[in-house]
Structures are given as C-alpha cells and as structure tokens.
Amino acid sequence: MRGVQQGGSSLVEEFSPAYYGLCTVGGMLSAGSTHLAITPLDVLKVNMQANPIKYNRILSGFSTLWKEQGPSSLWRGWSGKLFGYGVQGGCKFGLYEYFKRLYSGVLVDQNRNFIFFFSSASAQVFADVALCPFEAVKIRVQTQPKFAKGLADGFPKLYKAEGLTGFYRGLVPLWGRNLPFSMVMFTTFEHSVDLIYRNIIQRRKEDCSRSQQLGVTCLAGYAAGAVGTVISNPADNVVNSLYNKKAENVLQAAKNIGLTKLFTRSLPIRITIVGPVVTLQWFFYDTIKVLSGLPTSGELGRHQKDTNLLA
C-alpha cells in the first residue's frame, strides 16, 4: 500500500479516490485562505491596471484608496477571493494530482516535462471555468465601488445586466493568463524540489524530517511563483481590461495597453503578491498532506535510486 510516511500510516491510500478528495480539500483551504489574506494587495493591483495614471505606485496607491474610499475599500471583493480562488485551488491541485498520475501511466516513455505541462494545463482548464464567474464579479466590485458590495448582490446584478455571457467574458484571457502560469509554476516546482534534494540536501525525501520536507516545499514554491508571475503578466492585464470594458476583445486590449506595458504594468505588485501567496499555498497544501501521513509534493527525486540521487 502506498501512502506511508516515515514509518507511520496515512489516513488515506495514495492515489485512491479519497486521496484525490483530500488533495482537492487541501487545495481549496490553502488557495482560499492565502488569497483572502492578500485582498488589499489585489484591490490595489486591479485598480493599478484599470487606472494606471491615478494608481501608479504601491504606497501612493494605498494612500489614495484609503483617503478617497476609506479603509474598508482595501477589503472589497474579499468573498470573491475566498470562495472563487478556493474553488479554483481545489480543482487545480486535486486535478493536477489526478492528471499527473493518469499521464504518467500513458506517457511512460515521454520526458517528465510533458507530463507536468499536460497535467497542469488539463487541471487549470477546469479550475478557470470554476473561477471565472467569481472573478467577473470580484473585479467589478473592486474597481467600481457602486456596482455591488460582494458576491451576494454582485452575482444577480451581473446576470441581470449581461446574462451568462457576463460571467465568462474573460474566460479565454483567463486561460491565457493562468494556463502558462500553471504550466510553468508546477513544472518549476517539480524541478526545484528535485534540484534541492539532489544537489543541496543530497538525501532522499523519505530520509528527511517533516520540517525539512516542508522547508523544501517553501523554497520550491517561491521559485515557482516568481517565474510564473512574469510569464502570466500580459494576460493578467488583458483580463482586467476586458472586465472593466476598456476593450471589446483580446487584440484590442493588448493594442490599447501596448507591448511593453503588457509585461511591466502592475508587475512589481504582482510579484509582491504571487511569490508569497504561491509559497504559502504549497506550504499549507503540503502541511495538510503531512498531517494526513502522506509525503510532501514533488515526484522528481521520490522515485530516484539512491545512487542517482547522491551522484
């Protein structure tokens, strides 16, 4: 039976339906809680994207929001962050584990990168379909103070005004933002875990303590978040432009923003947000695994022979 961690039995058998359920719950709790915690930074980010002239710096942007709209404005859209990204995180982490196992059995002779890419992309497609309605309401709540107070009144108001189309207006650019991010993030994480165990710690994961394993998770998580942020920044700006009706389609939004600003607008604050958030997500996610008696995430290195690992 798989799923034994350092001599103790796990609550669920690894790769069983219960295991994927646990991963889904872990993803929901880790993603929802971390995104809720950084709501003020997210409020500033979407306003910097919607009105870059007025909100052109992090400190001055916070000051402007505080003075003009009050301190409560910094928590506008918190419910969209908690529930929307909770649902997305559950799909993303749970389905990634499922697809990675599935593709590992099908693409036996393929490079591991293909498995990581296909698994993360497959999971993210479903995760963004779940997230999109929450994101549509959240962005409007954060950038249009008179639109709604939160999800409870925002959902019916958006549906009445735009129908189902309004909830999924940004799905394609959302895929454009999150698919590359997810593919790069998961792949970077997997390889970072392998590199740390192989070249730095020079021990198998199973021979490390739980605190050491979680430390590796944090280092690999931060690297994954930082790299993924740079890759996904252009699409993030396009998503914001479409939801705020500053453009009718992706091409128009990209043209209005400009090539250079697609990559640079709001990038510093996104790095400030995403790096720690992804790190905490992986930490909370793997902590739930460890407390359940399961090994931490990262397949590379787990299945290496001792001679290869210490080479």
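The side chains of E162 and R169 meet in a salt bridge with an N to O distance of 2.9 Å, a salt bridge being a side-chain nitrogen of Lys or Arg within 4 Å of a carboxyl oxygen of Asp or Glu. This is a predicted model, in which local features need pLDDT of at least 70 and side-chain atom pairs count only at pLDDT 80 or more, while totals for chains, interfaces and linings use all residues. Residues are numbered from 1 along each chain as its sequence is written, and side-chain values use heavy atoms, with hydrogens and water left out.

E162 also meets R140 in a salt bridge between their side chains, at 3.3 Å from N to O. Because R140 lies in helix α5 (residues 112–143) and E162 in helix α6 (residues 151–167), this pair ties together parts that are 22 residues apart in sequence; helices here are DSSP runs of H or I with at least four residues, numbered from the N terminus. R140 counts as buried at 2% relative accessibility, and E162 counts as buried at 18%, whereas R169 is partly exposed at 31%. Buried means under 20% relative accessible area, exposed over 50%, and partly exposed in between, with a 1.4 Å probe and protein chains only.

The structure holds 15 salt bridges, and the table lists some of them.

| Salt bridge | N to O distance |
|---|---|
| E162 and R169 | 2.9 Å |
| R140 and E162 | 3.3 Å |
| D236 and R177 | 2.4 Å |

The side chains of D236 and R177 meet in a salt bridge of 2.4 Å, N to O. This pair links distant parts of the chain, with D236 in helix α8 (residues 210–243) and R177 in helix α7 (residues 171–201), 59 residues apart.

H35 is found in helix α1 and is buried, with a relative accessible area of 12%. Its side chain makes a polar contact with the side chain of Q281 at 3.2 Å, where a polar contact is a pair of N or O atoms within 3.5 Å and, within protein, one must be able to donate a hydrogen and the other to accept it, while residues adjacent in sequence count only if both atoms are side-chain atoms.

Note on methods. Helix = DSSP H or I, 4+ residues; strand = E, 2+ residues; numbered from the N terminus.
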